[in-house]
Amino acid sequence: MFFASTPAQALTRIKDICSIQGVRENQLVGYGLVTGLQGTGDTLRNSPFTEQALQSMLDRLGVNVQGIPMRARNVAAVTVTAELPAFAGLGSHIDVNISSLGDASSLKGGTLLMTPLMGGDGQTYAIAQGPIAVSGIQLQGEAETLTQGVPTAGRIPNGALVERQVPGALKAFPSFTLQLKNPDFKTAALIADAINAFTALRYGKPLATERDLGAVVVKRPPNVQAARFLAEIGDLKVTPDEPARVVVDQRTGTIVIGSNVRISTVAIAHGNLTVRVTEQPQVSQPAPFSNGQTTVVPRTTIQASEQDGHLALLEGADLQTLVRGLNRMGLKPSDIISILQAIKTAGALQAELVVE
């Protein structure tokens, strides 16, 4: 269980809470072959697409294998994914992720052959190739198998070369839209005010306008490089506002309470009723020479116990008071979750309750 602390609100840089609309990564995907595996590749009979890809590759290399049954176990079909950064130049390197498609048991020690990586428009933007780094392992004996991590997935650091640039240039934008990662009206207004204070002092006029709770539009001043201007406003600091929210994870018992959460005055009583049913059958043995039969006689014991319910007065004027009151009651995380849900139902929790 974890409670969010409430120190003095810290200043945060604008570039840490906003992203620039249009300046983003682009997802790439490709289909390739991994070779050099130690008998841990795909079974070609069970993975016909691997055999077809292998035959096509050998045909392009001038090797005719049509009609020849193949039983190789050192080849695996994989999907290759990557993210192309914004404004990535030709010849730059990007990381790629590899994952198996067939029934290969491990990709450790394999090498990815030249694989085109395509974007959503069907164009090839990068070419991936190289040895795969796999962190998972799988050891198999006659009677036991040990698997740690995921041996059928890996990555190649700097494993792809950019062959095509995404159209667009930063200098072509007359204005920029800052998108808030956590949309909020107050935070958007604070960002616009901070930028206007800076641009009024630096360029003689305000240039930012909050469009809605998730975007701030900033005009680019004339005769100023776009990259330099974004670097200047990105280092400006604001104090982002946070919503009153309680997040509960019932699977792990984690509770996170925001600093703006308030609870109206409520009285809480919490206790547990435990009922235990125990079966203790006994054997009834007849007396000697009585011609009786041995039978099993059921014996059932039922016990009921209920813990004392302590009535507590809870008022959360601030987060410290709320946490102190809950901790004073000596509750378990599951009990606190139940109490928070009941307080929300009663209308005393002045916050959004998110249950995961």
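**Close-up views of a predicted model**

**View 1. The largest nonpolar core.** The largest nonpolar core contains 24 residues, and those with the most contacts inside it are Val80, Ile94, Val96, Ile98, Leu112 and Leu117. The model shown here, as in the other views, is predicted. Two or more residues of this core come from each of strand 3, strand 4 (75-84), strand 5 (93-100), strand 6, strand 7 (124-131) and strand 10 (153-162). Strand 4 gives the most, with 5 residues. In soluble globular proteins, nonpolar side chains tend to be buried together.

**View 2. The surroundings of Leu117.** Leaving aside residues up to four places away in sequence, Leu117 touches Leu28, Val29, Gly30, Val80, Ala82, Val96, Gln123, Thr124, Tyr125, Ala126, Ala128 and Ala160.

**View 3. Helix 4 and what covers it.** Helix 4 spans residues 226-234, and its buried residues are Ala226, Phe229, Leu230, Glu232, Ile233 and Gly234. Among the elements that cover these buried residues are strand 1 (12-13), helix 1 (14-17), strand 2 (18-20), strand 11 (175-180), helix 3 (185-202) and strand 13 (215-219).

**View 4. An aromatic cluster of Phe198, Tyr203 and Phe229.** The whole structure has 2 aromatic pairs. In the pair of Phe198 and Tyr203, the ring centres are 6.4 Å apart and the planes stand at 85 degrees, so this pair is edge-to-face. The pair of Tyr203 and Phe229 is also edge-to-face, because its planes stand at 65 degrees, with the ring centres 6.0 Å apart. This second pair links distant parts of the chain: Tyr203 is in the loop between helix 3 and strand 12 (208-212), whereas Phe229 is in helix 4, 26 residues apart. Tyr203 has 25% relative accessibility, so it counts as partly exposed. Phe229 has 0% and therefore counts as buried.

**View 5. The second largest pocket.** This pocket has a volume of about 280 Å³. Its lining is made up of 13 residues, and Leu33, Ala53, Met57, Arg60 and Met114 are the closest to its centre. Strand 3 (26-35), helix 2 (48-60) and strand 6 (111-118) each give two or more residues to the lining. By type, the lining residues are 8 nonpolar, 4 polar and 1 charged.

**View 6. Pro243 in its loop.** Pro243 lies in the loop between strand 14 (237-238) and strand 15 (245-249). Its relative accessibility is 41%, so Pro243 counts as partly exposed. The C-alpha atoms of Pro243 and Ala351 are separated by 8.0 Å, although the two residues are 108 residues apart along the chain.

Key
Residues numbered from 1 in each chain as written. Predicted model: local features only at pLDDT ≥ 70, side-chain atom pairs only at ≥ 80, totals over all residues. Heavy atoms only, no water. 1 Å grid on protein atoms, 1.4 Å probe; cavity = no way out; pocket = protein on both sides within 12 Å on 5 of 7 lines; lining within 4 Å. Points joined across faces, edges and corners; volume = space filled by probe spheres on them. Helix = DSSP H or I, 4+ residues; strand = E, 2+ residues; numbered from the N terminus. Nonpolar A, V, L, I, M, F, W, Y, C, P; charged D, E, K, R; others polar. Buried < 20%, exposed > 50% of the residue type's maximum accessible area, 1.4 Å probe, protein only. Core = buried A, V, L, I, M, F, W, Y, C linked by side-chain atoms within 4.5 Å. Contact = heavy atoms within 4.5 Å. Phe/Tyr/Trp six-rings, centres within 6.5 Å; stacked < 30°, edge-to-face > 60°.
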